[in-house]
Amino acid sequence: MPHPLPLEQGRLTQAQTDQYWRDGYLFPLQVMPATEATALRTELERIEADYLDAGLPLPLSTYKRVNAHCVMPMAHRIGSDPRILDVVEGILGPDIMIYAVEFFIKEPRTNQIVSMHQDLTYWGLGAIDGLVTAWLSLSPATPASGCMDFVRGSHKNAILPHEDTFAENNLLSRGQEVQVDVADTDKVPIEIHPGQISLHHGLTIHGSGPNTTEDRRIAAVIRYCAPDVKQQVAEVDYALLARGTDRHGHFASFPAPSANFAPDALAQYDEIRAAQAKAMMSGARKKGTLYG
């Protein structure tokens, strides 16, 4: 098991920041005790039990997987955690916006995978440096449970051609897969454990295999961006200021949720999902909605 990288008063060292920009990722970084991450898992699974058959307008899996911070206070709380923001500030600087919070879950003994891809391919934001993903482990992410694999230095590419597969076992919106050969020897397994995060650049090629263990592989995935990032495809996009100042106004804001799946939050969620789908599903050869 990799040892966590030592932070300086909870922040990245200059050497760690340099390593991120050289490799396109950085891990593992301990941002909270394992017991606290386990408590977050318990809270999430309680929400799953309470709302699975609660008559929500969309499947519960959709709300967890897309913009959970719009309808779940827990997700927004994770994205706003100052300990994670302290680390992310070493990459983006003092002004940080929450672009998305998602729960990526692989059930035990299932064949769900994430094909090798670049995050920024279909987001409509361009090939930018101003977006970083923090991947918080709520249960062990190991090669056996389907942890992510990164390709070192691949963020130095532009957005590469991708093929939509729409494969049923693929957790991505379009089953998108980068159209370059990625040898197994080029993949770095990103093993992290509860309370630890990894960081990766929006252009870093990455994916993950199936969960062969008896436990769920659960992660809270936070997409942070700098305020100068701008949507280039859809008419409007949304983000919430988490720290610092937004001097650009490129993103529409909205109230953070005060209760799980409140009616006003559900309506706002539909508006955001529809707007972002115009970018993320643009050019898809198969009609559909975002994680619908």
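Select Arg 216 and show what surrounds it: leaving aside neighbours within four places in sequence, Arg 216 is in contact (heavy atoms within 4.5 Å) with Arg 41, Glu 45, Glu 48, Lys 64, Ile 105, Lys 106, Glu 107, Pro 108, Ser 139 and Asn 211. The model is predicted: local features need pLDDT of at least 70, side-chain atom pairs count only at pLDDT 80 or more, and totals for chains, interfaces and linings use all residues. Residues are numbered from 1 along each chain as its sequence is written, and side-chain values use heavy atoms, with hydrogens and water left out.

Stay on Arg 216. The residue sits in the loop between β10 (206-208) and β11 (217-225); helices (H or I, at least four residues) and strands (E, at least two) are DSSP runs, numbered from the N terminus. Arg 216 is buried, with a relative accessible area of 14%. Buried means under 20% relative accessible area, exposed over 50%, and partly exposed in between, with a 1.4 Å probe and protein chains only.

Next, draw two distances from the Arg 216 side chain. A polar contact of 2.8 Å reaches the side chain of Glu 48, and another of 2.9 Å reaches that of Glu 107. A polar contact is a pair of N or O atoms within 3.5 Å; within protein, one must be able to donate a hydrogen and the other to accept it, and residues adjacent in sequence count only if both atoms are side-chain atoms.

Now turn to the salt bridges (a side-chain nitrogen of Lys or Arg within 4 Å of a carboxyl oxygen of Asp or Glu). The structure holds 21 of these salt bridges.

Select Asp 23 and Arg 152, whose side chains form a salt bridge at 3.6 Å, N to O. Asp 23 belongs to helix α1 (residues 14-23) and Arg 152 to the loop between β5 (148-151) and β6 (162-163), so the pair ties together parts that are 129 residues apart in sequence. Asp 23 is buried, at 6% relative accessible area.

Move to Asp 81 and Arg 83, where the salt bridge is 2.8 Å, N to O. Asp 81 is buried at 11% relative accessibility, while Arg 83 is partly exposed at 29%.

Then select Arg 247 and Asp 95, joined by a salt bridge of 2.7 Å, N to O. Arg 247 lies in the loop between β12 (240-243) and α6 (263-280), and Asp 95 in the loop between α5 (82-92) and β2 (96-106), so this pair ties together parts 152 residues apart in sequence. Arg 247 is exposed, with a relative accessible area of 61%, whereas Asp 95 is buried at 18%. Elsewhere, salt bridges that share partners join Arg 41, Glu 45, Glu 48, Lys 64, Glu 107, Asp 215 and Arg 216 into one network.

Switch to a cartoon view and pick out the open sheet of four strands, ordered β3-β10-β5-β8 with antiparallel pairing. Its edge strands, each pairing on one side only, are β3 (114-117) and β8 (187-189). On average, neighbouring strands here are turned by 25 degrees against each other, direction ignored; axes are lines fitted to C-alpha atoms, for helices over the stretch in contact, and angles run from 0 to 180 degrees between N-to-C directions.

Zoom in on β3 and β10, which pair in the antiparallel sense over two bridges; pairing requires that DSSP finds at least two bridges between the strands. His 117 stands opposite His 206 in β10.

Last, select the cysteines. The structure holds zero disulfides (pairs of cysteine sulfur atoms within 2.5 Å). For Cys 70, the nearest cysteine sulfur is that of Cys 225, 13 Å away. Cys 70 is buried at 3% relative accessibility, and Cys 147 is buried at 3%.
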